[in-house]
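Please read these points with the structure open beside you.

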Amino acid sequence: MKKIWLTSIAVFLLVIAMSTSAFAKMNKDAGWLSVDNVAIGGITMGMTQDEVASIYGQPDTSKDYGVSKESGAYTIMWKYGDTFTVWFANGYVDGATTTANNGIQTPAGIHVGSPVGDIWKSYGQPWLEQNNKTYYSYWYHTDGGRKLFIDVKNKHVTRVAMGYE
């Protein structure tokens, strides 16, 4: 009985390991970007709310989340339309996301609607490739912990985001 139980656990762990590797591929030596490349629509990590407002004006909507239990940071979300969101932690940009071809792009010109080949030409192999069954997600990172996330469905970009993992 003990042998069957141990064999069952070993098979279970093997199945988990195989299924995880089928959906995510980490390329530990790839996907490094300069800090300057982790930007969306002229916004970079660490900009102030005033700096963002000087580029895009006041947001269409704003939500105050108060102090985050996870990070201890005071968190605010600004939305411009339904497709561009900027997150602030303690008054500084902590992340941003665009989900439509609205003119907002990375410094390399990657935007929603770009073909997947343009990502590889601009940034090379990602640090992490993740198959989420209905779309792929490519992660690039910097020495400072900043990350650029690009989601792809049907061989075209559907979302560009930046932030900290």
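1. Buried means under 20% relative accessible area, exposed means over 50%, and partly exposed is in between (1.4 Å probe, protein chains only). By this rule, 36% of the 165 residues in the protein are buried.

2. This is a predicted model, in which local features need pLDDT of at least 70 and side-chain atom pairs count only at pLDDT 80 or more, while totals for chains, interfaces and linings use all residues. Residues are numbered from 1 along each chain as its sequence is written, and side-chain values use heavy atoms, with hydrogens and water left out.

3. The protein has three helices and eleven strands; helices (H or I, at least four residues) and strands (E, at least two) are DSSP runs, numbered from the N terminus.

4. One salt bridge is found in the whole structure, the term meaning a side-chain nitrogen of Lys or Arg within 4 Å of a carboxyl oxygen of Asp or Glu. It joins arginine 159 to aspartate 151 at 2.7 Å, N to O. Arginine 159 is partly exposed at 26% relative accessibility, whereas aspartate 151 is buried at 6%.

5. There are ten aromatic pairs. Rings of Phe, Tyr and Trp (its six-membered ring) pair if their centres lie within 6.5 Å; planes under 30 degrees apart count as stacked, over 60 as edge-to-face and the rest as tilted. Tyrosine 56 and phenylalanine 84 make a tilted pair, with 5.2 Å between centres and 55 degrees between planes. Tyrosine 56 lies in helix H2 and phenylalanine 84 in strand E6, so the pair ties together parts 28 residues apart in sequence.
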